[in-house]
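Please examine the sequence and the model shown below.

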Amino acid sequence: MAQALQRAMRDAMAEDPTVHVMGEDVGTLGGVFRVTDGLAKEFGEDRCTDTPLAEAGILGAAVGMAMYGLRPVVEMQFDAFAYPAFEQLLSHVAKMRNRTRGAMPMPIVIRVPYGGGIGGVEHHSDSSEAYYMATPGLHVVTPATVEDAYGLLRAAIASDDPVVFLEPKRLYWSKSDWSPAAVEPIGKAVVRRRGTGATLITYGPSVPVCLEAAEAAQAEGWDLEVVDLRSLVPFDDETVCASVRRTGRAVVVHESTGFGGPGAEIAARVTERCFHHLEAPVLRVAGFDIPYPPPMLERHHLPGVDRVLDAVARLQWEAGS
Amino acid sequence: MDSLQQRSSTVQEPPGAVPAHRPTPPPAWQPRTDPTPLLPDTEPLRVLGTDAVADADPALLLRLYAELIRGRRYNTQATALTKQGRLAVYPSTHGQEACEIAAALALEERDWLFPSYRDTLAAVARGLDPVQALTLLRGDWHTGYDPHEHRIAPLSTPLATQLPHAVGLAHAARLKGDDVVALAMVGDGGTSEGDFHEALNFAAVWQAPVVFLVQNNGFAISVPLAKQTAAPSLAHKAVGYGMPGRLVDGNDAIAVHQVLTEAVARARRGGGPTLVEAITYRIDAHTNADDATRYRAAGEVETWRAHDPILILERELTERGLLDEDGRRAAAEAAETMAAELRERMNAEPVLNPMDLFSHVYAEQTSQLREQAAQLRAELEAEGEA
């Protein structure tokens, strides 16, 4: 996946001279995850720039660059390192188009490696998507497959609006035989697995977990559908609700905390739109409502296959069948 | 201390004997830049009342005078509009007109201004429509103008957050080969914000063509400078970033113009950023909603009134025979015409379209916003029927 992301940036930079990659360590080192490897060499340090270590400064400078017609792609290195940039993100990046009645769009991509499962120490494993989702003016996107990593990042760079591009860092090393495909617009969910009994609504690092759970569920006689949202903002109500109406049951799965988390929004939307099709309440399987745990305990926090299957079991199958 | 010395004396080696395991010392430390030329002068630059004023262009002096008179009238008119409820709030620059106007006039047309919420006068001096400059404060929209048209970024309400934008824009312009300079304005309180630090650091590292102008008016709302910083001056902060710091009397319009013009020229020829601190004073309260008598003495205000930017310029021009009663009257009349027009236009109710609420959130509305827009449209239609 890391190579697909890198290929997306390289292709975008080759096609469009206004695309600039910037951040701490993105140049000579190629990023701590090597996602920007080779870009500085190929396009020069003016196009792929090692900046001072200051996230607000990085994103703030990107705002000014976007004002002058560039398309900055900013790396935040780790999820929790993005927090110093929140004021720039919330007060300026997200609002500039609106403040100026469309005169100053902000075609900025903010790449945030996010989530846990790689044994990172504190401040290296947060899932911050709920903060971004709650901010009007931002698109929030997260790929789960190698193909989507390429396609969605190309779409994000091409977007005239700011995109928070969440990279599930534990999928960086996932592999696939793939070739750069047509770029799909941001905002479309996809059904990763067809099923009839219940819908698992998920995204990013939890997609492989849900696919594995769906395979395991077959042994129990449960035929699960898996919807990969890909885009949290805009939210694809259509694909999600069509699936839930087919299956009549839904579980939202993500590793971000549950209280006030993305699942709360998704469950509410599904309930509002599909209430009469539901055989059971929409359930959530989320990380616990705790600060991200130390690496030796993270497996207890992250929603795994068993926890997903437990939730599916609570969908009162007897009552509905 | 004694015991430490004793202990160290026990391991002392005979002179000249260097044990094989001793690591090679690192290269001798050298300062990266000689800090001396970066340091501000001990006194703020003053031109008015000194012999140096003879070198100033009389046409520029008269232009500054006319603009200051207009700026003062703008301040009093906008303050009056708050009392009539026509403006939600107005942060006056009464007393600071010289910093605002002389700085803006140091820019070329192709340059960019990055103002804070208090810098409406700088924007107007740059040619922005006085009513458009007040849109944010009237409350009909956040920014009343197309920033690209006048090369004025939106007035920034969060403190110092516009400074990194100025750096990024100036950097981008230089990458494109354009000799554009960005002037970024901030108050004394804003220099405590992290974005101030990050912007100056980025600008210096990138050698971006930016000029930072701190208008030190003594107070961040109520907090005096002594509680804001322990630095010798705000201009001294420049040294830590590796850029020159300059101190100027912010009420001396010609001194401000001179320092800013030099800093802009330096940036334009690739010399990098400059931090300018203009020492001035806010005669009015922070905004019309503030009671300045709670945190400052009347005597202090009166001292500064004697050093009023218009007063000291007018005295100079009169003494030099450049300004007479007719000249003063002409400037006052021009300002009055501007104020009358501003009053009239601000008294007209702005025409608002509630559907605009959804028009500029994204390039294309999301399905969620389309639904909400439909809801509002239905509500508006129902209101129309009622």
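In chain B, helix α11 (residues 253-268) packs against α3(B) at an angle of about 40°, and their axes lie 8 Å apart. Helices here are DSSP runs of H or I with at least four residues, strands are runs of E with at least two, and both are numbered from the N terminus. Axes are lines fitted to C-alpha atoms, for helices over the stretch in contact, and angles between N-to-C directions run from 0 to 180 degrees. α3(B) and α11(B) are therefore oblique to each other; angles under 35 degrees count as roughly parallel, over 145 as roughly antiparallel, 65 to 115 as roughly perpendicular, and the rest as oblique. On the α3(B) side the contact (heavy atoms within 4.5 Å) involves B:Ala98, B:Cys99, B:Ala102 and B:Ala103, and on the α11(B) side B:Ala253, B:Val256, B:His257 and B:Leu260. By class, this contact has seven nonpolar, one polar and no charged residues, where Ala, Val, Leu, Ile, Met, Phe, Trp, Tyr, Cys and Pro count as nonpolar, Asp, Glu, Lys and Arg as charged, and the others, Gly among them, as polar.

The model is predicted: local features need pLDDT of at least 70 and side-chain atom pairs count only at pLDDT 80 or more, whereas totals for chains, interfaces and linings use all residues. Residues are numbered from 1 along each chain as its sequence is written, chains are lettered from A and ligands numbered from 1 in the order in which they are written, and side-chain values use heavy atoms, with hydrogens and water left out.

Helix α3 (residues 97-104) of chain B also packs with helix α2 (residues 58-83) of chain B, at about 130° with axes 10 Å apart. α2(B) and α3(B) are therefore oblique to each other. The residues of this contact divide into five nonpolar, two polar and three charged.

Chain B also holds an open sheet of five strands in the order β1-β2-β3-β7-β6, paired in parallel; two strands pair if DSSP finds at least two bridges between them. β1 (112-114) and β6 (245-249) of chain B stand at the edges with a single partner strand each, so one side of each has no neighbour in the sheet. Strands β2 (residues 182-187) and β3 (residues 210-216) of chain B pair over six bridges, with B:Gly187 opposite B:Gln215. Helix α8 (residues 162-175) of chain B packs on the sheet and touches β1, β2 and β3 of chain B.

Finally, 46 residues of chain A are in contact with 43 residues of chain B.
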